[in-house]
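Work through the following exercises with the sequence and the model open side by side. Each task is followed by a solution in steps.

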Amino acid sequence: MILPWHLYLMASLYILAGINHFRKPGMYIKIIPPAFKNPKLINILSGAAEIILGTLLILPFTTHFAAWGIILLLIAVFPANLYMYQNKKAGFGLPSWILFVRLPLQIVLIYWAYQYTF
């Protein structure tokens, strides 16, 4: 079975983002809301999840499972995106409109992953 190029694109994006959690952990730790304890562990777990789920996306027998995992991950990291929008320091100095646009972008990413759940 040949997988579509956009599935490889999605998998690559998650794998690269996951690797970046380990290359630049401070960037991710900075956006974890203070209400969450142990941000270092959360960063490690979310980075590992992105790498694992991205890899599982490209294996035909685990694509649907990985897609559901990505949907859950996107929901789980939404508080970090919201925190970036609400907190100037966590927003890396980006214009607030960009940070605001990122919020509904999560819905687009969830929909993209949903395409591979069946």
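**Exercise 1.** Determine which helix gives the most to the nonpolar patch, and with how many residues.

*Solution.* Helix 6 gives the most to the nonpolar patch, with 3 residues, where helices are DSSP runs (H or I, at least four residues) numbered from the N terminus. The patch itself is formed by L82, Y85, W97, F100 and V101, which together have about 510 Å² of accessible area on the surface. The elements giving two or more residues to this patch are helix 5 (78-86) and helix 6 (96-114). A patch is made of residues with over 30% relative accessible area and no salt bridge, nonpolar side chains (Val, Leu, Ile, Met, Phe, Trp, Tyr) being joined within 5 Å; a salt bridge is a side-chain nitrogen of Lys or Arg within 4 Å of a carboxyl oxygen of Asp or Glu. Accessible areas come from the Shrake-Rupley method with a 1.4 Å probe, and for residues only the protein chains shown count as cover.

This is a predicted model, in which local features need pLDDT of at least 70 and side-chain atom pairs count only at pLDDT 80 or more, whereas totals for chains, interfaces and linings use all residues. Residues are numbered from 1 along each chain as its sequence is written, and side-chain values use heavy atoms, with hydrogens and water left out.

**Exercise 2.** Classify W97 and Q106 as buried or exposed.

*Solution.* Buried means under 20% relative accessible area, exposed over 50%, and partly exposed in between. W97 has 58% relative accessibility and therefore counts as exposed, whereas Q106 counts as buried because its value is 7%. W97 is placed in helix 6, and Q106 is found in helix 6. Leaving aside neighbours within four places in sequence, Q106 is in contact (heavy atoms within 4.5 Å) with L74, V77, F78 and N81.

**Exercise 3.** Describe the geometry of helix 6 and what covers its buried residues.

*Solution.* The buried residues of helix 6 include L99, L103, Q106 and A113, and their cover includes helix 1 (5-23), helix 4 (63-76) and helix 5.

Technical notes
Patch = residues over 30% accessible without salt bridge, like charges linked within 9 Å, V, L, I, M, F, W, Y side chains within 5 Å. Buried < 20%, exposed > 50% of the residue type's maximum accessible area, 1.4 Å probe, protein only. Expected span 1.5 Å × (residues − 1).
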